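This briefing covers a sheet, some backbone exceptions and a set of charged pairs. The points are grouped by topic.

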Amino acid sequence: MKKLFLMVMAVWAGLAGTAAAQNLLSPAEATVYEGDKLADEGAWCWFADPRALHYENASGTINSSYVGYIDVHGAVKAVQYDFLKGRRSEVLIRSYFQPDDHNNPTFLVLPDERVMIFYSRHTDEPCFYYRISQVPGDITTLGEEKKILTKDNTTYPSPFILSDDPEHIYLCWRGIRWHPTIARLSLPDENDEVQIDWGPYQMVQSTGARPYAKYYSNGKDRIMFTYTTGHPDNENPNWLYLNSVNIRTLQLEDVQGKVLSTIADGPFKVNRTEQYAVDYPVAVVDHTPGVRDWVWQVATDKQGHPVIAMVKISGDKKKHDYYYTYWDGQAWKEIFLAHGGGHFHQTPDIERCYSGGMAIDPAHPEVVYCSVPVSGAFGRVYEIVKYTVDVRSGDVKAEPVTRHSRKNNVRPYILPDSENSPLRLAWMHGDYFDWIVSSARPGYPTSVYGDFRWEEEPVDLKNGWIAGECFGSGTAWMSGKTQKVDVPRECRKGDFTLFVAVEAGDEPLHGTVCKGKNWSWEADSASFKPCLTVGKQTVRSCNVLGTADSWLRYGRGTNGKWYPVEPYSRFTLAVVAEGGRLTTYVNGLVDQSMEGDCDLRGLLLDACNGRIGSYTVYHRALNPAEIARLDSQCR
């Protein structure tokens, strides 16, 4: 009778949760609110974090948010909101990367307040890539791309610095045998190089082929991680576990502090048998029979106890139920939140365990944002709903965030440390077909949306204009011809902006496109990468002048290959001198940044082996909104 009662209650909770989600909006509330667009093109997976971050320092010199993503063209990007300057900048971290949403970047603020960005291919290479801002808190000044070499292929980087060991970076990822892996890194040296000085070590060994882990740090001495037996597509049942890394002892512990293993001695063996649940009762978070668990986030409550956002997926993968699971000091408890529908995307025959998504607010861990199917003005659409949990009573309060959206809102994420920021919540909005671009499907052509409206800087393209010309296709400058730009004497020194629209010829563009007395920008003929020279220093960009669109011609999967670059047939270039720093934008995105006093003396333009369609010169530094406007007009 007890079992029957529990079954009836579970069914009732599921029906009630579904009804609550569907009835959040009444026909009278037909006002569309889809959020505000943070980026036109971008997506992320949910196993590499923090994929977005807010940072403000005690001295008041930095107050910025960073949101990272990758688009279907293989461009790894981030948008920075500088709330002190009132400036929004979109940065090209790496072009021509594997077009796969698993490859979104993750962020770490270093002790010197510079921002370090990690990214990697989806289990395709034995390395991580990283770049570090040259200026504290400002990712528009990223330095050169560097690598961390590993023995095994990598994916999902999650970096941490903890106060009990501020001299090291702890990096967690899916690595050795496709299992949760950890290494300790040195802080960047004077050349921004880091070294692995402990590890990498596989932390656990599951009976499943691919455990999926989410990590969270208390900021002091422990990194907590919750993980599954394997991929829910392949495992039924798929259990959920939780352990933590004690960085003082470098041992693995359960939630009560019991030592499970010394990490360097070998992985802790994990199973999904009833005997294992008896032997390690607090290490097993959930082992519901016949259910495919997956995990979305782990955080801690006000007492420092772990709370987990998880989904229970039915054996046939058609029913996804969201749960709030928490440790009460003695045992694991759970509270049903909502029915999450089935898989959210448009492709019916793949990835049927892809839920709309969940996100815990770390500053208010009783709050969980979920993507649930809701019937609205445009039909059944996934909307973001805020759920507030009262663990004492078990009550759950639901209130809509988005409403009557035209397309799906999925994979919500709260920016860590953002409780005093106007930007707290971000999500993906739009169509989604697959996690990778291939000949079978166009991937993930979503946008990134957020919960606040950014007021762009003023756009006045007449202010400061001193020279410019637009050419028709018949009169555009051809290869081998240069043009000296007549800049008034009084405008040759000081801040400036040069904006050029370039069309490539039959071959990828190469050669010097523009130069002044103390600087130049050219496209390298061997690598197709821009080279920026200021004074005697030349730095090659890590970004190819092209895309990974060639992936559309090849089969779906991760195979370690780099397919041919698709060179830009046309692009825009902006060179901006402001306050002793030269910054370049390609197609409206920040590409390179170097210190140095530059001016407009001796300004020359060259079409190289392509054509220049137009140019414009300003005796001031245009802001990113103005550069974006010019870019949209010229491409």
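V534 stands opposite Q537 in β40. The model is predicted. Strand β39, residues 530–534, pairs with β40 in the antiparallel sense over four bridges.

**Sheet**
- Six strands form an open sheet in the order β35-β46-β37-β38-β39-β40, with antiparallel pairing.
- The edges are β35 (482–484) and β40 (537–540); each has a single partner strand, so one side of each is left without a neighbour in the sheet.
- From one strand to the next the twist averages 20°.

**Backbone exceptions**
- Most residues other than glycine have a negative phi, and most peptide bonds are trans.
- The peptide bond from D49 to P50 is cis, with omega near -5°, and P50 lies in the loop between β1 (36–39) and β2 (52–56).
- A cis peptide bond also runs from N236 to P237, with omega near 5°; P237 is in the loop between β17 (222–228) and β18 (240–246).
- E113 is not a glycine, yet its phi is positive, near 75°; this residue lies in the loop between β6 (106–109) and β7 (115–119).
- N587, also not a glycine, has a positive phi of about 55° and is found in the loop between β44 (581–586) and β45 (589–595).
- N587 has a relative accessible area of 11%, under the 20% limit, so N587 counts as buried.

**Salt bridges**
- Side chains of opposite charge can pair when their charged atoms come close.
- The count of salt bridges comes to 41.
- R114 forms a salt bridge with D192, with the closest N and O atoms 2.9 Å apart.
- R114 lies in the loop between β6 and β7 and D192 in the loop between β13 (180–186) and β14 (196–202), so this pair ties together parts that are 78 residues apart in sequence.
- Both R114 and D192 are buried.
- D221 and R248 form a salt bridge whose closest N and O atoms are 2.7 Å apart.
- Because D221 lies in the loop between β16 (213–217) and β17, and R248 in the loop between β18 and β19 (251–253), the pair ties together parts 27 residues apart in sequence.
- D221 is buried at 5% relative accessible area, whereas R248 counts as exposed at 54%.
- K312 in strand β24 (residues 306–313) ties to D286 in strand β22 (residues 284–286), parts that are 26 residues apart in sequence.
- K312 is buried at 8% relative accessibility, and D286 is buried at 6%.
- One network, joined by salt bridges that share partners, holds D164, K220, D221, R222, R248 and E253.

Methods: Residues are numbered from 1 along each chain as its sequence is written. This is a predicted model: local features need pLDDT of at least 70, side-chain atom pairs count only at pLDDT 80 or more; totals for chains, interfaces and linings use all residues. Side-chain values use heavy atoms; hydrogens and water are left out. Two strands pair if DSSP finds at least two bridges between them. Helices (H or I, at least four residues) and strands (E, at least two) are DSSP runs, numbered from the N terminus. Axes are lines fitted to C-alpha atoms, for helices over the stretch in contact, and angles run from 0 to 180 degrees between N-to-C directions. Buried means under 20% relative accessible area, exposed over 50%, partly exposed in between (1.4 Å probe, protein chains only). A salt bridge is a side-chain nitrogen of Lys or Arg within 4 Å of a carboxyl oxygen of Asp or Glu.
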